[in-house]
Amino acid sequence: MNRIIDFLKKEIVLSVSFVLALISMFFVPPSEKYFDYIDFRTLGLLFSLMTIMAGLNKMGIFRLLAKNLLNKAKTMHGVTLLLVLLCFFSSMLITNDVALITFVPFSVVLLKLANKQNRMIFVVTLETIAANLGSMLTPIGNPQNLYLFSAYNMSISDFFYTIAPYAMLSLGLLVIFSLFSDKSKLANLGDREEVIFDKRLLTMYAVLFAIALLSVFRVLNYIVLLAAVIVFVLIFDRKVLLKVDYSLLFTFVFLFIFIGNLGNIAQINSWLSEIVGGNEVVVGVLASQVFSNVPAVILLSGFTCNAAALMIGVNIGGLGTLIASMASLISFKFIQKESVSIAKYLGVFTLLNVVFLAANLALWVVVK
């Protein structure tokens with residue numbers, strides 16, 4: 001019993017998503033349609049990227065980068081700003097998920113080296129917000145934008161005109177929060193150890209990462225990436241597969257099932273038809289808090305022709321609860337492995353997300 005309780009505490013998001021999926025099955029019995037609910041591309045990309053990042057982390061890449069950055073940094077708020085901006089701008093091209101998979105482990109290592117573990121919750125929270133908000137500025141930055149851009153045949157000009165004000169406001173707030181954080185100086189750690197890389201593995205992971213980016217940009221089918229990762233990792237570095245966070249993958253699967261079943265309940269469909277039209281931003285924000293913004297946009301898009309309003313709603317709706325953006329779960333899973341208070345993380349995460357959400361909603365009220 002104690003083991004079960006410990007598991008539930010450690011994997012609370014996985015446990016809740018499983019319960020929700022299970023409850024939904026009583027209303028929509030399991031069938032072959034369940035496979036249509038699941039976004040296998042997202043799962044394939046997520047697994048591949050987690051494997052690649054786990055391999056690079058195992059080699060000490062993040063530790064070396066962290067040391068080099070730390071030796072050049074002079075203050076904690078300078079490091080915070082740099083990490084936040086890396087997440088904000090990189091997410092526009094490599095998506096919010098990839099940005100967090102890449103930079104959160106890097107940040108954790110850096111903060112440990114600097115003996116600044118007490119800043120980990122604040123920094124990781126700001127990085128998560130930055131990745132979610134920076135990604136909304138491009139059609140390829142996150143799944144909901146890609147879906148809307150394609151489904152509604154949006155033009156580039158309409159896209160940027162709609163979302164740019166919110167991205168700029170968010171960037172300004174991120175800079176302010178970063179610069180007015182801990183201003184203490186950081187000691188130069190020097191070169192304490194020499195890191196020797198296995199050139200074969202380094203080359204392999206570099207090539208796999210390049211293939212991953214091509215898959216993210218849909219130049220290559222994700223199956224090509226998935227096959228390459230599985231084959232090469234099994235041959236050259238199979239132990240790294242033990243470091244992949246499979247519970248996160250199952251969390252996504254359970255959420256896909258839950259959302260898919262909701263969309264097939266007639267009463268819910270009828271209710272959505274009545275409330276979505278003309279209220280896309282508000283409904284998008286609220287739906288994202290419960291369903292997450294990617295499933296929410298898929299669910300709500302069938303009830304409105306106003307792509308711009310829906311895009312604003314589901315993008316700023318990624319702020320708020322932990323599951324408002326599935327990318328936020330990635331940061332949460334990384335932070336769970338560290339010696340920090342989960343309750344404190346959730347408190348800080350929620351507070352800062354609400355502040356950013358309120359600011360963006362206020363902007364929407366002004367410009368609408």
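Two salt bridges are found in a search of the whole structure, a salt bridge being a side-chain nitrogen of Lys or Arg within 4 Å of a carboxyl oxygen of Asp or Glu. The model is predicted, so local features need pLDDT of at least 70 and side-chain atom pairs count only at pLDDT 80 or more, while totals for chains, interfaces and linings use all residues. Residues are numbered from 1 along each chain as its sequence is written, and side-chain values use heavy atoms, with hydrogens and water left out.

D237 is buried at 6% relative accessible area, whereas K58 is partly exposed at 40% (buried means under 20%, exposed over 50%, partly exposed in between, with a 1.4 Å probe and protein chains only).

K112 and E338 also form a salt bridge, at 2.7 Å from N to O. K112 lies in helix α6 and E338 in the loop between α17 and α18 (342-367), so the pair links parts 226 residues apart in sequence. K112 is partly exposed, at 42%, and E338 is buried, at 18%.

Helix α6 (76-113) also supplies at least two residues to the lining of the largest cavity, as do α8 (143-151), α12 (246-262), α15 (293-300) and α17 (326-336); helices are DSSP runs of H or I, at least four residues, numbered from the N terminus. Among the 13 lining residues, D97, P143, F252, V294 and M326 lie nearest the centre of this cavity.

Key
On a 1 Å grid over the protein atoms alone, a cavity is a set of points where a 1.4 Å probe fits but cannot get out, and a pocket is an open set with protein on both sides within 12 Å along at least five of seven lines; lining residues have an atom within 4 Å of a point.
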